[in-house]
Amino acid sequence: MTIHTMDPSASDCTFTSEYAWCVPAYVVIIPKITGAISLICSAYLAKLMISEEKKKPYHRLLLNISIADVLSSSVVHIIGSWMMPAGTAPLSRGNLDTCDAQGFVVQIILITIPYLNASLSTYYNLIIRYNWSDSQIAKVEKNLHIIPWLLGVLFSIIVLVAKQIVPGTWGCWFGNTQYPPDCDSVETCVRGWNSSYYFWPIFVIILLGPLYVAGSMYLVYSSTRKMERLMTRYSVNASQNSSQRSRKVMEQSLLFSAALLITLAFPLVEIVIAELGKPIPIWIHVLFALTNPLQGFYNLLIHLRRGNGFSLACKVPRCFNRESAEPKKSLQQTSATTAVPNSAIVHTNKDTTTSKHISSSVSFALEEAA
């Protein structure tokens, strides 16, 4: 079998989807470096999650995401082009069998990582929007871990059996193209024949993951804002600090979503440009290589951010007790010096109970999300 070789100097090598491997060597080398950085960060983050004394679903979900990123960083980015058929890209040393093996893992990662992030978003919604307890979350937590991996493996088997795994820019994956690029029949196309029948349905499934994450993070923020507005009825300090605390919730909850979207942004741009039949600018390839492999790095920074300022400095419930102590003291002093009707006292007790419930819910949300 003749391997369609890479020749960047050829006149037909214009960075289109059919000749995606016609890129300079540095485009293939960059993801090996960024992938190594992400691998180290993901491994360290996994270590932090394992060593956590009181593990919550948050820690276990982030551990699962870190494991997936270790797999992605090593097989997809660091090994990268070495598994592509020899001659199809700079540093390519493999064959069609190694290409299939790598593409199988790539397909798992393409679905698993977005949907694991969707699981983390679901967890945030359950504890903040629906006020679920740990025992309630325990009943569904296994599904949050298992379903993303099952979906990834299922669709990986489909593209492998259908022979839809083709050489890409710096690795093998399932793409809307055929291999060799100039083939025109099922006999001459050894990979990727009728690729559009497989590519677009799977592409939509992959895209649903980040869309769900973005929507869930908006619901988390809006729910927290609603609780914060309720708290202003019971605490002057809550009124003054409501905006600041809500921003912290918004930032922390959106950062994990942003980390995922950053890694997917330039791959999506490349797909759109290629489907339009336009040449892909080299700077798009470079930005792809710089940003896509670094999700482990982003996740580690986001998690470590929890230790800067609010979250670890104000443990639940001490943080909110400190803020609400002064209003409670004022209420007691007022009660001691002012005659208050019994009905008003009962109403105040109800308000205090409601305040404690809201404070507990918001404080737990901020502890997890800030």
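These legends describe close-up views of a predicted model. Local features need pLDDT of at least 70, side-chain atom pairs count only at pLDDT 80 or more, and totals for chains, interfaces and linings use all residues. Residues are numbered from 1 along each chain as its sequence is written, and side-chain values use heavy atoms, with hydrogens and water left out.

**View 1. A disulfide joins Cys99 and Cys172.** The S to S distance is 2.0 Å; a disulfide here is a pair of cysteine sulfur atoms within 2.5 Å. By this rule the model has 2 disulfides. This one links distant parts of the chain, with its cysteines 73 residues apart. Cys99 sits in helix 3 (residues 96-128), and Cys172 sits in strand 2 (residues 172-174). Helices (H or I, at least four residues) and strands (E, at least two) are DSSP runs, numbered from the N terminus. The torsion about the S-S bond is -115°, a left-handed link. Cys99 and Cys172 are both buried. Buried means under 20% relative accessible area, exposed over 50%, and partly exposed in between (1.4 Å probe, protein chains only).

**View 2. Cys183 and Cys189 form a disulfide.** Their sulfur atoms are 1.8 Å apart. The S-S torsion is about 95°, so this disulfide is right-handed. Cys183 is buried, at 10% relative accessible area. Cys189 is buried too, at 6%.

**View 3. His145 lies in helix 4 (residues 134-161).** His145 has 15% relative accessibility, so it counts as buried. Its side chain makes a polar contact of 3.1 Å with that of Glu141. A polar contact is a pair of N or O atoms within 3.5 Å; within protein, one must be able to donate a hydrogen and the other to accept it, and residues adjacent in sequence count only if both atoms are side-chain atoms. Leaving aside neighbours within four places in sequence, His145 is in contact (heavy atoms within 4.5 Å) with Arg60, Leu61, Asn64 and Leu116.

**View 4. Helix 2 (residues 57-79) packs with helix 8 (residues 295-305).** Their axes are 10 Å apart, at an angle of about 155°. Axes are lines fitted to C-alpha atoms, for helices over the stretch in contact, and angles run from 0 to 180 degrees between N-to-C directions. Helix 2 and helix 8 are therefore roughly antiparallel. Angles under 35 degrees count as roughly parallel, over 145 as roughly antiparallel, 65 to 115 as roughly perpendicular and the rest as oblique. From helix 2, Tyr58, Leu62, Ile65 and Asp69 meet Gln295, Gly296, Asn299 and His303 of helix 8.
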